[in-house]
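My plan is to jot down what I look up, entry by entry.

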Amino acid sequence: MAPMELNLVVILGSIRDGRIGKKVAEYLKKRLDGFNVDFMDPDVLELPLLRKPIHFYEEQSEAPQLLQDLHERIKKADAYVVITPEYNRNISPVLTNFMDHFPPSSYNGKVSGIVSYSVSAHGGSIAGYSCRGFLVELGCLPVPASVTVAAAHELGEKNAWFDKDIGIMLSQLRWWGSATKSQRAISQCPRTM
Ligand SMILES: Cc1cc2nc3c(=O)[nH]c(=O)nc-3n(C[C@H](O)[C@H](O)[C@H](O)COP(=O)(O)O)c2cc1C
């Protein structure tokens with residue numbers, strides 16, 4: 001059977017001047033063959049700090065056009081990959097600010113993969129783990145395998161260790177992404193609220 005076509009939204013969680021995240025994102029992007037990739041870079045998209053999520057508008061058609069367009073792209077995704085730096089042992093506020101603009105119902109019944117990174121030896125693994133709770137709350141459940149990029153500032157063109165981790169995470173995203181896509185076509189995934 002031919003593999004199911006999956007739309008993958010990748011969100012980069014850093015807009016910091018001189019960010020390393022861009023390098024991590026470029027590395028990952030080269031390894032996403034087989035997915036329809038929609039890359040979201042908050043630095044380019046320039047969503048403001050959260051004042052009004054799109055689902056807080058009485059009519060979503062009254063929301064700024066940028067928010068409406070991004071919401072369509074978020075809804076279209078079958079799976080998400082989030083790339084987060086570790087800031088003070090936590091997820092990047094850029095990532096939560098971006099994703100909080102959209103309702104959990106748009107992420108619900110889908111899956112996600114986490115890439116964390118830092119300049120230290122543990123590769124932002126603490127942030128990576130706290131990211132799990134955040135994604136569960138949104139309803140896009142993280143797959144078991146994740147990627148931690150240690151010493152991200154030294155990331156070169158090819159790293160066998162990360163390639164292996166990325167491969168495992170993507171294979172799980174494909175499996176769960178296909179399963180949840182099929183199931184969403186049959187019935188709506190029950191929401192928490
Ligand atoms: C506010 C702030 C907090 C940080 N906290 C951590 C941390 O908790 N753990 C860690 O390993 N590195 C930490 N770092 C170092 C980051 O790993 C490093 O700056 C990295 O480049 C951040 O990603 P970015 O360049 O894409 O923003 C912190 C950096 C900043 C700016």
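Predicted model: local features only at pLDDT ≥ 70, side-chain atom pairs only at ≥ 80, totals over all residues.

**Entry: the ligand.** I started with the shell around the ligand and sorted it by class: 4 residues are nonpolar, 6 are polar and 4 are charged. Of the 14 residues around the ligand, I wrote down the ones that come nearest: Ser14, Gly21, Pro85, Ser118 and Ser120.

**Entry: the overall fold.** Next I zoomed out. I counted 7 helices and 6 strands in the chain. Going along the sequence, I get the pattern β-α-β-α-α-β-α-α-β-α-β-β-α. The C-alpha atoms fill a box of roughly 45 × 45 × 25 Å along the principal axes.

**Entry: helix H7.** I picked out H7, which covers residues 160–186 and has 27 residues. From its first C-alpha to its last it reaches 39 Å, close to the 39 Å expected at 1.5 Å a residue. Which of its residues are buried? My list reads Phe162, Ile166, Met169, Leu170, Leu173, Arg174, Trp176, Gly177 and Thr180. I then asked what they pack against, and found helix H1 (21–29) along with strands E3 (79–85), E4 (110–117) and E6 (147–149).

**Entry: the core.** The largest nonpolar core has 43 residues. Those with the most contacts inside it are Ile11, Val24, Tyr80, Val82, Ile83 and Val115. The largest share of this core comes from H7, with 6 residues.

I followed up on Ile83. Setting aside neighbours within four places in sequence, I find Ile83 in contact with Val10, Ile11, Leu12, Gly13, Gly21, Val24, Ala25, Leu28 and Val115.

**Entry: Val147.** I went to strand E6 and stopped at Val147. Buried or exposed? Val147 has 25 C-beta neighbours inside 10 Å, so I put it down as buried; the cut-off is 20 or more. Again leaving out neighbours within four places, its contacts are Val115, Phe162, Asp165, Ile166 and Met169. I also checked Val147 against Trp161: they sit 14 residues apart in sequence and 9.7 Å apart in space, C-alpha to C-alpha.

**Entry: two positive phi values.** I looked up Glu46, where phi is near 55 degrees, a positive value in a residue other than glycine. Glu46 lies in the loop between helix H2 (42–45) and helix H3 (65–76). Why does Glu46 count as exposed? Because it has 9 C-beta neighbours inside 10 Å, and 12 or fewer is the cut-off for exposed.

Asn88 was my other stop, with phi near 50 degrees, also positive in a residue other than glycine. I found Asn88 in the loop between E3 and helix H4 (93–99). It has 6 C-beta neighbours inside 10 Å, so Asn88 counts as exposed.

Definitions and conventions
Residues numbered from 1 in each chain as written. Helix = DSSP H or I, 4+ residues; strand = E, 2+ residues; numbered from the N terminus. Expected span 1.5 Å × (residues − 1). Contact = placed C-beta atoms within 7 Å. Core = buried A, V, L, I, M, F, W, Y, C linked by C-beta atoms within 7 Å. Near = placed C-beta within 6 Å. Nonpolar A, V, L, I, M, F, W, Y, C, P; charged D, E, K, R; others polar.
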